[in-house]
Amino acid sequence: MDNRFITIEGLDGAGKTTITHRISKYLKNQYGVTNILTTHEPGGTPVSDFLRVLIKYGGPMNEPINNISELLMIYAARLQLIENVIKPSLSKGYWVIGDRFDLSSQAYQGGGREIDILLLHALSDRITNTLSPDLTFYLDISPELSISRINHRQKLDRIEQEPLSFFDRVRSCYKKLASERKNIVTIDATQSLEEVSVSIYRHLDWWFLHP
Ligand code: Z5A
């Protein structure tokens, strides 16, 4: 079967990582898709993983990270991943399932950080360079539920420590973009993991029938 690029988006704790692996398993078992690669951003190449640590935990000596520096590091990490992993895999016929992709930057840096949309779009167009997911599942939960699902973690990262108002802006941006773009399917991720998985499998079934 031809390659496909599917991405999973949402706030922390929405279930993206769990669902990424379940989709992979479902595609194998139900549709016999065996060439599947999963990615998790930021990260996924040696350089991108290095940048991931800076993005999540900051640099040496607690130097404050400027919002534009954060944006540039995220896009540098993404460019490495696109050019060295995603595009070569797609060209070999692999299905790529991305745990976060460009929509995360629109939501977190555009919505949350309120970075100038023209700068964001210029960078996004240049870096993704027409690579766009065939299908995106946006797992929608409230910031309150997000925090309750992740606050057992030993250490919250820089972004996870932002106030609730930041995540309200991130979520509003996700919802706005999901309502505007046809390839984004919104899933109510407040449901149990089983219910979330089943709604995604049904969308995938529909998508296979109506490519
Ligand atoms: N970031 C950015 O700002 N801009 C960008 O462009 C990109 C990223 C790409 C990456 O953090 C950070 O980078 C992120 C955004 C920013 N920071 N914030 N805030 P990460 O890679 O460390 O983490 P994450 O991507 O946000 O994922 P996560 O926190 O690991 O959550 P998740 O993958 O969505 O969920 P999960 O790991 O599958 O599940 C988390 C827990 O919730 C687990 O115990 C599950 O069993 C439970 N869970 C999940 N779904 C359910 C349901 N439906 N019911 C009950 N329990 C559930």
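Q: What does the side chain of Ser48 reach, and at what distance?
A: In this model, which is a predicted one, the side chain of Ser48 reaches the backbone oxygen of Ala77, and the distance is 3.0 Å.

Q: Which helix is Ser48 in?
A: Ser48 belongs to helix 2, which spans residues 46-57.

Q: And is Ser48 buried or exposed?
A: Ser48 counts as buried, because its relative accessibility is 0% and the cut-off for buried is under 20%.

Q: Switching to Ala122, where does that one sit?
A: Ala122 is placed in helix 5, the helix made of residues 117-128. Its relative accessibility is 47%, so Ala122 counts as partly exposed.

Q: Now the pockets: what volume does the largest pocket have?
A: The largest pocket holds about 530 Å³ of space, and its lining is made up of 27 residues. Those lying nearest its centre are Asp12, His40, Glu41, Lys56 and Arg100.

Q: How does the lining of the largest pocket divide by class?
A: The lining of the largest pocket has 11 charged residues, along with 8 polar and 8 nonpolar ones.

Q: What about the second largest pocket, how much space is in it?
A: About 300 Å³ of space lies in the second largest pocket. It is lined by 18 residues, and the closest to its centre are Asp102, Leu131, Ser132, Pro133 and Arg181.

Q: How many cavities of 30 Å³ or more does the structure hold?
A: There is 1 cavity of that size, and the largest cavity has a volume of about 30 Å³.

Q: Which residues line the largest cavity?
A: The lining of the largest cavity consists of Asp12, Ser146, Ile147, Ile150, Glu160 and Phe167; its largest share, 3 residues, comes from helix 6, residues 143-150. By class, these residues divide into 3 nonpolar, 2 charged and 1 polar.

Q: On to the ligand: which residues come nearest?
A: Of the 29 residues around the ligand, Lys16, Thr17, Thr18, Lys56 and Ser105 come nearest. Lys56 is also among the residues nearest the centre of the largest pocket.

Q: What is the distance from an oxygen atom of the ligand to the side chain of Asp12?
A: An oxygen atom of the ligand is 2.8 Å from an N or O atom in the side chain of Asp12.

Q: And where are nitrogen atoms of the ligand relative to Gln109 and Arg149?
A: A ligand nitrogen is 2.8 Å from an N or O atom in the side chain of Gln109, and a ligand nitrogen is 3.3 Å from an N or O atom in the side chain of Arg149.

Q: How much of the ligand does the protein bury?
A: The ligand exposes 1,100 Å² when taken alone, and the protein buries 84% of that.

Terms used:
Residues are numbered from 1 along each chain as its sequence is written. This is a predicted model: local features need pLDDT of at least 70, side-chain atom pairs count only at pLDDT 80 or more; totals for chains, interfaces and linings use all residues. Side-chain values use heavy atoms; hydrogens and water are left out. Helices (H or I, at least four residues) and strands (E, at least two) are DSSP runs, numbered from the N terminus. Buried means under 20% relative accessible area, exposed over 50%, partly exposed in between (1.4 Å probe, protein chains only). On a 1 Å grid over the protein atoms alone, a cavity is a set of points where a 1.4 Å probe fits but cannot get out, and a pocket is an open set with protein on both sides within 12 Å along at least five of seven lines; lining residues have an atom within 4 Å of a point. Grid points are joined across faces, edges and corners, and a volume is the space filled by probe spheres set on the points. Ala, Val, Leu, Ile, Met, Phe, Trp, Tyr, Cys and Pro count as nonpolar, Asp, Glu, Lys and Arg as charged, and the others, Gly among them, as polar. A residue is near a molecule or strand if one of its heavy atoms lies within 4 Å of it. A polar contact is a pair of N or O atoms within 3.5 Å; within protein, one must be able to donate a hydrogen and the other to accept it, and residues adjacent in sequence count only if both atoms are side-chain atoms. Accessible areas come from the Shrake-Rupley method with a 1.4 Å probe; for residues, only the protein chains shown count as cover.
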